[in-house]
Amino acid sequence: MFDRDFSCELLIVGAGPAGMAAACAAAKSGINIIILDDNPFPGGQIWRDGPAVSLPEGARHYRRQLDQLPNVSLLCGAKLIAPVGDKRWLYEQETASGIIRYERLILCSGARELLLPFPGWTLAGVSGAGALQAFIKSGLPVKDQRIALAGSGPLLLAAAQAVKKAGGKVVLLAEQAPALRLGRLFLGLWRWPDKLRQSFSLTDPHYRFNSHVLAAEGEGKVERVFVRQGRRRISVACDRLACGFGLLANIEPALVLGCAIDGQAIRVDEWQQTSRAGIYAAGECAGVGGSELALVTGKIAGYAASGNREEAARLWRERRHWRRFARGMERAFRLDDRLKQLSRPDTLVCRCEDVALQQISGAADWRQAKIYSRCGMGACQGKVCGGAARFLLDWPLATPRVPLAPARLSTLVKMGEGADKNP
Ligand SMILES: Cc1cc2nc3c(=O)[nH]c(=O)nc-3n(C[C@H](O)[C@H](O)[C@H](O)COP(=O)(O)OP(=O)(O)OC[C@H]3O[C@@H](n4cnc5c(N)ncnc54)[C@H](O)[C@@H]3O)c2cc1C
């Protein structure tokens with residue numbers, strides 16, 4: 001294992017569209033920048049690379065730019081572990097760990113899928129919708145497999161498209177939102193012509209509104225899914241089931257740093273600055289809204305954090321345009337309260353530690369649930385069950401504890417050492 005410490009003027013966490021755009025904008029000022037991401041390649045979720053991927057021009061453009069900028073260093077396969085003292089983060093890679101000192105910070109940590117537990121969700125062959133898309137990009141063969149998708153939001157459609165491109169058969173696309181709300185969204189799409197065109201290209205004959213998963217069944221692996229469609233209960237045979245209920249902003253680093261949160265996302269001002277001076281946030285961690293909003297907020301944060309407020313302010317209009325789109329999406333795909341009934345008392349909520357709903361349903365919050373059970377204390381550190389339990393049980397937002405991700409002992413030792421050193 002190597003010790004590798006770094007210092008920079010600007011640290012950017014996350015190399016998705018927001019982080020890449022922030023780096024390119026900030027780099028124009030000549031400051032020294034590090035962009036850190038836990039994936040092996042830059043691109044984030046939408047531009048995730050893999051053996052079965054042909055990256056779109058937008059992704060290639062940003063990757064080329066980052067490669068050519070002499071003042072930007074990319075630290076891939078690196079996860080944030082903990083802040084250690086003022087303006088210092090401990091990180092870990094496969095063969096190294098160390099401390100990054102910075103003067104300013106932009107959080108571009110994106111979002112993850114919200115997974116809701118239902119009977120059978122831990123069967124082999126059941127995954128998140130975005131997770132299935134990521135598996136396919138990594139080369140998972142799905143040719144001729146019957147694949148059911150359920151949940152909510154545009155990611156279901158993107159995942160269905162990935163399935164079809166890879167030769168799989170979509171047998172069900174169950175969207176929980178009612179037709180009326182989606183119709184309203186569709187009628188307003190003329191303001192975003194590319195989105196309107198995209199909505200036509202993503203249509204699928206198996207798309208059903210007002211439908212949600214009830215249970216999955218099978219011997220050792222999923223074989224069929226039961227779905228509520230309006231008043232009907234139907235079952236559909238399948239080889240895989242992919243479920244996602246929208247996106248949850250990755251706000252854990254911001255919470256640990258004491259940044260204020262608005263609803264589910266990091267609170268930012270017009271410069272994308274958080275409630276803490278010198279800490280900015282852009283992209284989906286500052287509000288779920290798609291890659292266009294991620295790109296424009298990334299640019300604003302990059303310019304503002306590098307002192308170019310004039311250039312940042314020029315982009316406010318474009319940000320307003322995409323924020324309006326994001327609000328429309330949020331309204332259309334708002335989760336129905338009846339989904340709170342998806343889990344039965346014996347359904348596992350925390351699959352890392354085998355904790356069922358009935359073991360935590362009396363707890364007032366996550367902290368109390370941890371005292372009664374090991375909910376959220378496994379490998380994912382509550383990234384899956386934390387969001388699900390908040391939705392199901394209306395728990396208040398909990399500040400995560402460090403380390404933010406499982407780490408080697410030799411890295412954890414540096415948590416104490418780093419905090420002792422002067423910045
Ligand atoms: C699973 C999934 C699939 C998606 N697929 C599509 C799609 O096909 N089409 C579409 O239009 N939209 C898709 N989206 C929506 C997509 O997230 C956004 O449109 C866009 O990618 C947001 O850009 P971003 O830069 O804000 O965040 P992201 O693209 O999410 O990038 C954030 C990056 O930060 C990294 N990161 C987060 N926390 C840490 C940490 N603590 N340490 C180190 N690195 C960290 C993440 O690994 C990621 O690479 C998907 C979302 C998800 C969750």
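**Ground rules.** I number residues from 1 along each chain as its sequence is written. Since I am working with a predicted model, I keep in mind that local features need pLDDT of at least 70, that side-chain atom pairs count only at pLDDT 80 or more, that totals for chains, interfaces and linings use all residues, and that side-chain values use heavy atoms, with hydrogens and water left out.

**Whole protein.** I looked up the secondary structure and found 14 helices and 22 strands, where helices (H or I, at least four residues) and strands (E, at least two) are DSSP runs numbered from the N terminus. The radius of gyration, taken over C-alpha atoms, is 21 Å, close to the 22 Å that the globule rule gives for 423 residues, so the protein is as compact as a globular protein of that length; the rule itself is 2.2 Å times the number of residues to the power 0.38. Along the principal axes, the C-alpha atoms fill a box of roughly 60 × 50 × 40 Å.

I also noted that buried residues make up 52% of the 423 residues, buried meaning under 20% relative accessible area (1.4 Å probe, protein chains only). Of the contacts (heavy atoms within 4.5 Å) with a separation of 6 or more, 65% are between residues 24 or more positions apart.

**S211.** I found S211 in strand β13, which covers residues 211–217, and its relative accessible area is 0%, so S211 is buried. A polar atom of the S211 side chain lies 2.9 Å from the backbone oxygen of F209. Leaving out residues up to four places away in sequence, S211 touches A174, E175, Q176, V227, R228 and Q229.

**E252.** Is E252 buried or exposed? I read a relative accessibility of 16%, and E252 therefore counts as buried. I place E252 in helix α7, residues 252–256, and, again not counting residues up to four places away in sequence, E252 touches R112, P400 and L404.

**I31.** I located I31 in the loop between α1 (17–27) and β3 (33–36), and because its relative accessibility is 10%, I31 counts as buried.

Technical notes:
Buried means under 20% relative accessible area, exposed over 50%, partly exposed in between (1.4 Å probe, protein chains only). A polar contact is a pair of N or O atoms within 3.5 Å; within protein, one must be able to donate a hydrogen and the other to accept it, and residues adjacent in sequence count only if both atoms are side-chain atoms.
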